[in-house]
Amino acid sequence: MGKFYVTTPIYYVTAKPHIGHAYTTVIADILARWHRLKGEKVFFLTGTDEHGGKVEKYAADAGKSPKEFVDDVANSYKFAWDSLNISYDKFIRTTDKEHEVAVQRFANLIWDNGDIYKSKYEGWYCLPDETFIPDSEITDEKCPYCGRPVQRLQEDAFFFSLSRYREPLLRVFDENKTFLMPKSRYNEILNRLNDELKDLDITRKSVKWGIQFPPSPDHTIYVWFDALLNYISALGWPDGENFKEFWPADVHVVGKEIAWFHSVIWPAMLLAGDISLPKAVLSHGWWTVDGKKMSKSLGNVVDPMDIIKRYSEDAFRYFLIKEKPIWEDGDFSEKALVSRINGELVADLGNLVSRVLTLASRYKGEIAGDIDLENADIDKISSLFDSFDVTGALEEVWKFIRSVNKYINDKEPWKLEGAELGRVLNNSLEAIRVIAILLEPFMPASAVKIREQLGVRETKFSDIKLSTFNGSVKRGENLFKKYD
RNA sequence: AGCGGGGUAGAGCAGCCAGGAGUGCUCGUUGGGCUCAUAACCCAAAGGUCAAUGGUUCAAAUCCAUUCCCCGCUACCA
């Protein structure tokens, strides 16, 4: 029996959950559920990234202590993931004691290995806010938070010798062509890797809300260095049972903007600590909203909770996966969401279940007979999942749903009776049973509803085969509601 | 500026790497079938100078060159 370890990034607590977080998490959830369906041992990790100067600042603005602030935000993520039916096995927070201990242990380890050295960090500093601001956020030498002028300052800092790992990383990219997906992103990162690699400052003297850097306790550890280690600290590195069983990760699901951290910095850290590398980094595209980039200033940030409330968690999950290939960018709009609900969830799937269950509930004879409906292409779906193409896999499931609708039209069961009707119903009901299993990773709540109406319980991989129906049909409410 | 992605029927895409009649998918439009079903499902049709120009070739959406337009990334936004 295989194992499967899948992660999302841990989300930075300065933002509430939005469509982007939901997207990454849903992709990881679908992969986790698929592998569980196959009978593998699965560990699915998500969580929150809670340290750093920005968090201090946000907490102060909210009139809270950093701890109160991060507790609140972590809860809002947990609530969102529960609402979206996310089947995570562990929710890690970087303020967890186990995590902090592991990070310090790791820092000590590579310090002892000689991969950390002392130097100077130079950056833009906002005096009133007492914080360094990343270059990328500075415009006109003004602080993005308070708008006051920033100045160039230096402080002592410790550096991770990232540059030392350029050659080994190039070898990783060369030996594993799917180390970073999609291919276009792989090429992009490889290109940058061919240039030069600067060492990375991994401590901040000016930030108090962080993990102490053991070799120099007046420094705290840079949030990214801290955050990336969650993938092993959550498993109890170095001695935990989970670490032995699940590491290396099968896939880190990330957004395209942090592909660099996961395919370069993180592997370099692992190499420095003499820890094996993850097998793959899956870097997905972004959502725009109504054709525009999502941003706080535009006020077009999509709140998953709002969408779930007004539609349903499954409609939202379905849309996120079906609307665009995961590698590409795509656009979210309620118009497109409603169109997919009405045109696909209601018309294809919901209606199929509805028409078959009506026919079946009127029929009193035996439901049995030869299978003359072509099975779903499980091999194709499996191989699509193996290459993490969840959109393609869902499309393949949908092809099967359409083929069943066609089968019913061709067979005209409403004109049949007796054994012949029993046979067509057997094919149709079996098909719906199989569809419920195949949809389990994508729309778990709907899969349960379908099984309830069919009166069956199977969810095993080996049950994805048309056979003889042995449930007891109980026609229920429509699966999906139509919207105007 | 550098790097990357894209421009294919009214809309959104696939096809391009390994050239072979514009092939395909979803939605929309039009016509038909069916009446079990959430006015749903099934079938058919109309609709494209494959961004532009030049080149290679018996043959180019596909390969090469140049140009135009859109978008993204560039190191703490999924």
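Of the 484 residues in chain A, 57% are buried, where buried means under 20% relative accessible area, exposed over 50%, and partly exposed in between, with a 1.4 Å probe and protein chains only. Before going on: this is a predicted model, so local features need pLDDT of at least 70 and side-chain atom pairs count only at pLDDT 80 or more, while totals for chains, interfaces and linings use all residues. Residues are numbered from 1 along each chain as its sequence is written, chains are lettered from A and ligands numbered from 1 in the order in which they are written, and side-chain values use heavy atoms, with hydrogens and water left out.

Secondary structure: chain A has 17 helices and 15 strands. These are DSSP runs numbered from the N terminus, H or I of at least four residues for helices and E of at least two for strands. The radius of gyration is 26 Å, close to the 23 Å from the globule rule for 484 residues, so chain A is as compact as a globular protein of that length. The radius is taken over C-alpha atoms, and the rule is 2.2 Å times the number of residues to the power 0.38. The C-alpha trace spans about 85 × 45 × 40 Å along its principal axes.

Now contacts, meaning heavy atoms within 4.5 Å. Taking those between residues at least 6 apart in sequence, 76% join residues at least 24 apart.

Next, strand β12, residues 281–284. Which way do its side chains point? Val281 and Ser283 point one way, Leu282 and His284 the other, and all are buried. In a regular strand the side chains alternate between the two faces of the sheet. Strands count as paired if DSSP finds at least two bridges between them. β12 pairs in the parallel sense with β7, residues 180–181, over two bridges, and Leu180 stands opposite Val281. β12 also pairs in the parallel sense with β11, residues 251–255, over four bridges; there Val253 has Leu282 as its bridge partner.

Last, Leu373, which sits in the loop between α13 (334–362) and α14 (378–386). Is Leu373 buried or exposed? Leu373 is buried, at a relative accessible area of 9%. Leaving out residues up to four places away in sequence, Leu373 touches Ser403, Val404, Tyr407, Asn427, Ala431 and Leu466. Tyr222 is 151 residues from Leu373 in sequence and 58 Å from it in space, C-alpha to C-alpha.
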